[in-house]
Amino acid sequence: MTEDPGEPWSFAAARTPGVYALARRLEDDRVDHAGTPLNDHALCGVTGIAVCRSVFDPNVPNVCPECREEAARTPPEPEPSGQERLHDMLEPAEGPLRDELRRLLRGGARVGPWRGGHAQTLAGDVVFDRIIEGADAIRKALAAAASVELIWARGGGRNFLVVVPHGVGSPAVAVQLPDPD
Ligand SMILES: [Zn+2]
């Protein structure tokens, strides 16, 4: 993607075209079907599939013609950027840091690394000594659920750390010291 200086950064412009995942029937893995990770059937309706990590390519010779047709008729949803996903995840959070980060995300603040997994494991990646605002909220969010998302973001000259507990509790936003040189 090329950056046009005349065009302001936006969620809409930052979305990437969606793709269907490659799916194969367990019984006959020679034909490429289009599937989605959460579906137990391909676009053409066949079941007993395994969804692969690869992307469905409608132009390969061994493609299922019905899946190719259906994929062309109903293109996959565009993928939101990390900024947009984090912005949406912070909807239920509260406080001035949350408002500040959401505003920066709407302007294209840098997002990443983004890790998901066991709260206890990911807590090891949090350096509390470096947090200058919001440490208590981060501790609370890490203790709220068995699994969390741990996300770093940077914008407006500030380093943010976000914990989003899965299922329960409220996302927490903290600010960390600037990176050491
Ligand atoms: Zn198919």
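The C-alpha centres of domain 1 and domain 2 lie 35 Å apart. Domain 1 comprises residues 17-73, and domain 2 comprises residues 82-176. The model is a predicted one, and the values below are computed from it.

**Zinc site**

- Four residues coordinate the zinc ion: His 33 through ND1, and Cys 44, Cys 64 and Cys 67 through SG, at 2.0 to 2.4 Å.
- The angles subtended by the four donor atoms around the zinc ion are 105 to 118°, which makes the arrangement tetrahedral. For comparison, the ideal angle for four tetrahedral donors is 109.5 degrees.
- Along the chain, the donors of the zinc ion follow the spacing H-x10-C-x19-C-x2-C.
- His 33 belongs to strand S2 (residues 33-35), while Cys 44 is in the loop between S2 and strand S3 (49-55), so the pair ties together parts that are 11 residues apart in sequence.
- His 33 has a relative accessible area of 6% and is therefore buried; Cys 44, with a relative accessible area of 21%, is partly exposed.

**Three-stranded sheet**

- Three strands form an open sheet in the order S2-S1-S3, with antiparallel pairing.
- S2 and S3 are the edge strands, and each pairs on one side only.
- On average, neighbouring strands of this sheet are turned by 45° against each other, direction ignored.
- Strand S1 (residues 21-25) pairs with S2 in the antiparallel sense over three bridges. Leu 22 stands opposite Ala 34 in S2.

**Five-stranded sheet**

- Another open sheet is formed by five strands in the order S4-S6-S7-S8-S5, and the pairing is antiparallel.
- S4 and strand S5 (131-133) stand at the edges with a single partner strand each, so one side of each is left without a neighbour in the sheet.
- Direction ignored, neighbouring strands of this sheet are turned by 30° against each other on average.
- S4 and S6 run antiparallel and are joined by seven bridges. Within this sheet, Gly 116 has Glu 149 in S6 as its bridge partner.
- S6 and S7 also run antiparallel, and eight bridges join them. Glu 149 stands opposite Val 164 in S7, and the bridge partner of Trp 152 in S7 is Leu 161.
- Seven of the nine residues of S6 are buried, so this strand is largely enclosed by the rest of the structure.

**Helices packed on the strands**

- Helix H3 (residues 82-89) has the buried residues Gly 82, Gln 83, Glu 84, Leu 86 and His 87.
- The buried residues of H3 pack against helix H1 (11-14), helix H4 (96-106), strand S4 (110-118), strand S6 (147-155) and strand S7 (158-165).
- H4 lies across S4, S5, S6, S7 and strand S8 (172-176), and runs at about 105° to S7.
- The buried residues of H4 are Leu 97, Arg 98, Glu 100, Leu 101, Arg 102, Leu 104 and Leu 105.
- Helix H6 (residues 135-144) lies across S5, S6, S7 and S8, and runs at about 30° to S7.

**Backbone geometry**

- As background, most residues other than glycine have a negative phi, and most peptide bonds are trans.
- The peptide bond from Gly 112 to Pro 113 is cis, with omega near 0°. Pro 113 is located in strand S4.

Notes: Residues are numbered from 1 along each chain as its sequence is written. This is a predicted model: local features need pLDDT of at least 70, side-chain atom pairs count only at pLDDT 80 or more; totals for chains, interfaces and linings use all residues. Side-chain values use heavy atoms; hydrogens and water are left out. Donors are N, O and S atoms within 2.8 Å of the metal (3.2 Å for Na, K and Ca); water is not among the atoms, so sites may look incomplete. Four donors count as tetrahedral if all angles lie between 85 and 135 degrees; four count as square planar and six as octahedral if opposite donors are over 155 degrees apart and all others between 65 and 115; anything else is irregular. Helices (H or I, at least four residues) and strands (E, at least two) are DSSP runs, numbered from the N terminus. Buried means under 20% relative accessible area, exposed over 50%, partly exposed in between (1.4 Å probe, protein chains only). Domain bounds come from an automatic or database domain assignment. Contact means heavy atoms within 4.5 Å. Two strands pair if DSSP finds at least two bridges between them. Axes are lines fitted to C-alpha atoms, for helices over the stretch in contact, and angles run from 0 to 180 degrees between N-to-C directions.
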